[in-house]
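Q: Hi! Could you walk me through this one while I have it open?
A: Happy to, just ask away.

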Amino acid sequence: MTGKPLPTPSSTRPRASGRVTLADVARTAAVSPITASRALRGERAVAAELVERVRQAADALGYVPDPAARALASQRSVLVPVLVPLLSNALFVDVLEAVQRQLAPEGYQMLIGVTHYDPLEEEKLLASYFAMRPAGLLLTGFDRTPEARQRVAASGVPCVHLMETTRADDVYCVGFSQQDAGECMTQHLLERGYRRIAFVAAQLDPRTLQRAEGYRRSLRAAGRYDAGLELLSPEASSLRVGGELFAQLLRAHPDVDAVFFCNDDLAQGALLAAPRLGVAVPGQVAIAGFNDLAGSEQMLPALTTVRTPRSSMGEAGARMLLSLMRGEPVARNCVDLGFELTVRSST
């Protein structure tokens with residue numbers, strides 16, 4: 001290549017912030033910032049020799065383009081925030097991986113925000129993400145502060161909600177009825193002949209409470225509902241908590257013959273605790289869970305649960321958002337993917 005040699009990175013790196021800018025790349029390559037920008041975008045109008053010089057300068061300096069700055073310059077963002085409650089729950093990891101598989105090939109970058117089931121924390125995250133002018137937004141459920149809801153509506157940013165469904169015409173969502181799923185599991189236990197059916201939950205997020213309402217609806221219809229058989233804990237859900245809540249329930253209600261846990265990690269914890277407590281499953285007490293997480297099929301006995309379409313939700317939600325970001329019509333604003341009752345030997 002002809003021309004003067006590139007300066008060393010140490011002679012061009014800004015001292016104040018340590019961040020290499022496009023101006024630094026342009027100065028190093030001895031071109032204008034506009035030419036450097038066009039060269040890095042691969043525009044054909046830039047001579048091949050200049051493109052090579054700019055790319056060498058960018059590589060030497062370790063330059064990383066700023067997506068937010070690009071969005072401001074081009075009026076087209078590639079950033080898509082995806083807000084989930086937790087990363088420690090495989091349920092949401094499966095959703096995120098499915099979203100990434102859809103967005104990445106289309107040139108969009110997923111930003112992961114973790115709300116910890118706290119609407120105020122979600123509100124702060126949304127404020128910071130909207131400052132970046134995102135192309136679209138994927139949110140978990142509908143439980144958020146009025147301020148956050150207003151911010152989303154006023155932003156004009158395409159938004160799709162995951163995990164839940166609604167009849168509202170102006171809301172885009174992909175999920176299933178948590179209440180129907182809770183009712184389905186309870187109905188299964190009734191049909192198996194169980195009569196003293198308890199509901200045990202932790203975390204107590206909105207979707208857990210919707211499952212609880214499905215449990216109540218089924219038992220009330222059968223004339224079997226007993227509010228005293230609900231054990232609801234605000235603790236974070238875990239195997240340990242599941243075992244502890246199971247023991248607590250049996251001490252208070254030794255006549256319980258089935259337990260519907262709001263999710264699989266609690267139910268798995270109960271199955272692990274059962275031998276220590278001298279409880280035969282399902283001979284003495286049947287145990288059921290929710291979500292069909294990894295390990296549920298391998299438990300002894302294998303766990304009866306509700307299989308939820310988390311990967312399908314991520315894929316369908318991302319595809320819906322892609323259509324909205326492109327300005328394309330969406331056939332249905334609400335997609336109900338349903339659920340699957342998965343009966344195994346624990347019930």
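Q: Which side chain does the side chain of Thr308 make a polar contact with?
A: The partner is the side chain of Asn291, at 3.0 Å. A polar contact here is a pair of N or O atoms within 3.5 Å; within protein, one must be able to donate a hydrogen and the other to accept it, and residues adjacent in sequence count only if both atoms are side-chain atoms.

Q: Before we go on, what kind of model is this?
A: It is a predicted model, where local features need pLDDT of at least 70, side-chain atom pairs count only at pLDDT 80 or more, and totals for chains, interfaces and linings use all residues. Residues are numbered from 1 along each chain as its sequence is written, and side-chain values use heavy atoms, with hydrogens and water left out.

Q: Thanks. Where is Thr308?
A: Thr308 is in the loop between strand E10 (305–307) and helix H12 (310–325). Helices (H or I, at least four residues) and strands (E, at least two) are DSSP runs, numbered from the N terminus.

Q: Is Thr308 buried or exposed?
A: Thr308 has 5% relative accessibility, so it counts as buried. Buried means under 20% relative accessible area, exposed over 50%, and partly exposed in between (1.4 Å probe, protein chains only).

Q: And what does Thr308 touch?
A: Not counting residues up to four places away in sequence, Thr308 touches Leu91, Phe176, Phe290 and Asn291. Contact means heavy atoms within 4.5 Å.

Q: Let's switch to strand E6. How many residues of E6 are buried?
A: Five of the five, residues 197–201, so the strand is largely enclosed by the rest of the structure. On one side you have Ile197, Phe199 and Ala201, and on the other Ala198 and Val200.

Q: Which residue in E8 stands opposite Phe199?
A: That is Phe260. E6 pairs with E8 (residues 258–261) in the parallel sense over four bridges; two strands pair if DSSP finds at least two bridges between them.

Q: What about E7, how many bridges join E6 to that strand?
A: Three, and E6 and E7 (residues 230–232) run parallel. Here Phe199 stands opposite Glu230.

Q: Which helix makes a β-α-β unit with E6 and E7?
A: Helix H9 (residues 206–221), and the unit is right-handed. Right-handed means that, with the strands pointing away from the viewer, the path from the first strand over the helix to the second runs clockwise.

Q: On to charges. How many salt bridges does a search of the whole structure find?
A: It finds 20, taking a salt bridge as a side-chain nitrogen of Lys or Arg within 4 Å of a carboxyl oxygen of Asp or Glu.

Q: Which residue forms a salt bridge with Arg217?
A: Asp180, with the closest N and O atoms 2.8 Å apart. Arg217 lies in helix H9 and Asp180 in helix H8 (residues 178–191), so the pair ties together parts that are 37 residues apart in sequence. Arg217 is partly exposed at 30% relative accessibility, and Asp180 is partly exposed at 38%.

Q: And Glu230 again, which side chain does it meet in a salt bridge?
A: The side chain of Arg216, at 2.7 Å, N to O. This pair links distant parts of the chain, with Arg216 in helix H9 and Glu230 in strand E7, 14 residues apart. Arg216 is buried at 15%, and Glu230 is buried at 17%.
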